[in-house]
Amino acid sequence: MAQRNLKRARVGVSGDGEGAGPAVAAGLRRHPRLPNYETVALMLQGGGALGAYQAGVFQGLDEAGIEPNWIAGISIGALNTAIIAGNPPEQRVERLLQFWETICQPAFGLPLPAPIEHVLFNSSEAVRKAFTAAQAMSAIVEGQRGFFVPRFPPPLPTVSGPPQLASYYDTTPLKTTLESLCDFDRINSGEIRVSVGAVNCGTGNFAYFDNTRATLRPEHFIASGALPPGFAAVEIDGQFYWDGGLMSNTPLYEVLQSTPRRDTLAFQVDLWSAIGPVPDNITDVQGRMKDIQYSSRTRLVTDMLQRSQRFRHVLREVLDRVPVEQRDDPWCELAEDLSCSKRYNVVHLIYRHKEYEGHYKDFQFGLSTMREHWRSGLEDIRHSLEQPGWLDLPDNDAGFVTHDIHRDSR
């Protein structure tokens, strides 16, 4: 175990463009004691380049000895899900770092030398904004290594062809990357339950690909992140699928409404914050639109689930007070089906917008920015796990609690 912790301690990211950073003390951090939860879920939202924040959150869970037994993701969250579930525990953080360091490089050209990138990224706000905007433009022009490349010649707007080619970029490199970094036999072994969301292009219905119901392949994860018109629909069993974020960018509902119900500790990792400043220029308007669109009303969904669970929980308590001889009443039998004594604890980790980020933050794949996103996720989960009582089973009348380090610290 000591050797495993030392290996983890060398894996991390820092703000100086070098390798190990925030995880240097990983092997020394205390492991919190978890109550006997039946499900420990990690739920990963879509958000493109912002997904490095999720990798930081996972690193914090990993160093704390918390191993989810269900991971659900959408879009970039689905890709992070594949990397985590497709590797043994001792290699997951290392593989995540390898994945992010790969896709945060230009598809064809050479990346800037680390010292130069460090200087530009850590210069004045004006220089940083210009530098990150140039990196976002590079993603548009030439794509990202091991992820996507422009189609050549580009598609003509009115010329029909196979749905797999109706996009500006080709994600064939992503399939190769996933196959090289993930063991799909492990993903389908049932060691971890895996669910990734996508939208059926033909029916408009939302679909979850789940390893308890199907054998998952790279195509399922790529489909979850196939955001049009940049990326083409992915064919799976004769149907075509787009990015799940088109309908719901957060797998929260899928996990918390699953049956049979189980005592659940859920880490909900969001890349878009519904709360933010009112924009005062056109560029910020575009960015704020994305925040609102892709946050998927996480707070509203959570509140709705909390209210419904409270009704089920209260109904269970009332039924326990009904004499046994009256339990065969049809209304009691119906109440029995609707009631629930299970408990849910949801810990929110929500990425907070940085001042220098523009509307392109979801496709700005710079290495320095990636490291900063990763570090933010690691700091947020470490801070969350330090809060006394946050991991306890709820003991209120709803059997449901939520925590958010940013909300609760205001």
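Guide: The charged end of Arg-128 sits over the ring of Phe-121.

Visitor: What makes this a charge over a ring, in the case of Arg-128 and Phe-121?

Guide: The term requires NZ of Lys or CZ of Arg within 6 Å of the ring centre and within 35 degrees of the ring normal. The charged end of Arg-128 is 4.3 Å from the centre of the Phe-121 ring, so the distance is inside the 6 Å limit. Arg-193 likewise lies over the face of Trp-70, at 3.9 Å from the ring centre.

Visitor: What kind of model is this, and how are its residues numbered?

Guide: This is a predicted model, in which local features need pLDDT of at least 70 and side-chain atom pairs count only at pLDDT 80 or more, while totals for chains, interfaces and linings use all residues. Residues are numbered from 1 along each chain as its sequence is written, and side-chain values use heavy atoms, with hydrogens and water left out.

Visitor: Why is the aromatic pair of Phe-99 and Trp-100 given the name that it has?

Guide: A pair of aromatic rings is described by the distance of the centres and the angle of the planes. Rings of Phe, Tyr and Trp (its six-membered ring) pair if their centres lie within 6.5 Å; planes under 30 degrees apart count as stacked, over 60 as edge-to-face and the rest as tilted. A search of the whole structure finds 14 aromatic pairs. For Phe-99 and Trp-100, the centres are 5.7 Å apart and the planes stand at 85°; the pair is therefore edge-to-face.

Visitor: How do you know whether Phe-99 is buried or exposed?

Guide: Buried means under 20% relative accessible area, exposed over 50%, and partly exposed in between (1.4 Å probe, protein chains only). Phe-99 has a relative accessible area of 0%, so it is buried. Trp-100 also has a value of 0% and is therefore buried.

Visitor: What makes the rings of Phe-148 and Tyr-169 a pair, and of which kind?

Guide: Their centres are 5.1 Å apart and their planes lie at 75°, so this pair is edge-to-face. Phe-148 lies in the loop between α6 and β3 (149–150), and Tyr-169 in strand β4 (residues 169–170), so the pair ties together parts that are 21 residues apart in sequence. Helices (H or I, at least four residues) and strands (E, at least two) are DSSP runs, numbered from the N terminus. Phe-148, at 6% relative accessibility, is buried, and Tyr-169, at 14%, is buried too. Ring pairs link Phe-147, Phe-148, Tyr-169, Phe-231 and Phe-365 into a cluster.

Visitor: Why do Glu-179 and Lys-175 count as a salt bridge?

Guide: A salt bridge is a side-chain nitrogen of Lys or Arg within 4 Å of a carboxyl oxygen of Asp or Glu. The closest N and O atoms of Glu-179 and Lys-175 are 2.6 Å apart, so the pair meets the 4 Å limit. Both residues lie in helix α7 (residues 172–181), four residues apart, about one turn of the helix. Glu-179, at 41% relative accessibility, counts as partly exposed, as does Lys-175, at 28%.

Visitor: Which parts of the chain does the salt bridge of Glu-336 and Arg-316 link?

Guide: The side chains of Glu-336 and Arg-316 meet at 2.7 Å, N to O. Glu-336 belongs to helix α13 (residues 330–338) and Arg-316 to helix α12 (residues 298–319), so distant parts of the chain, 20 residues apart, are linked. Arg-316 is buried, with a relative accessible area of 13%, whereas Glu-336, at 36%, is partly exposed. A search of the whole structure finds 19 salt bridges.

Visitor: Where is Asp-237 found?

Guide: Asp-237 is found in the loop between β7 and β8 (239–243).
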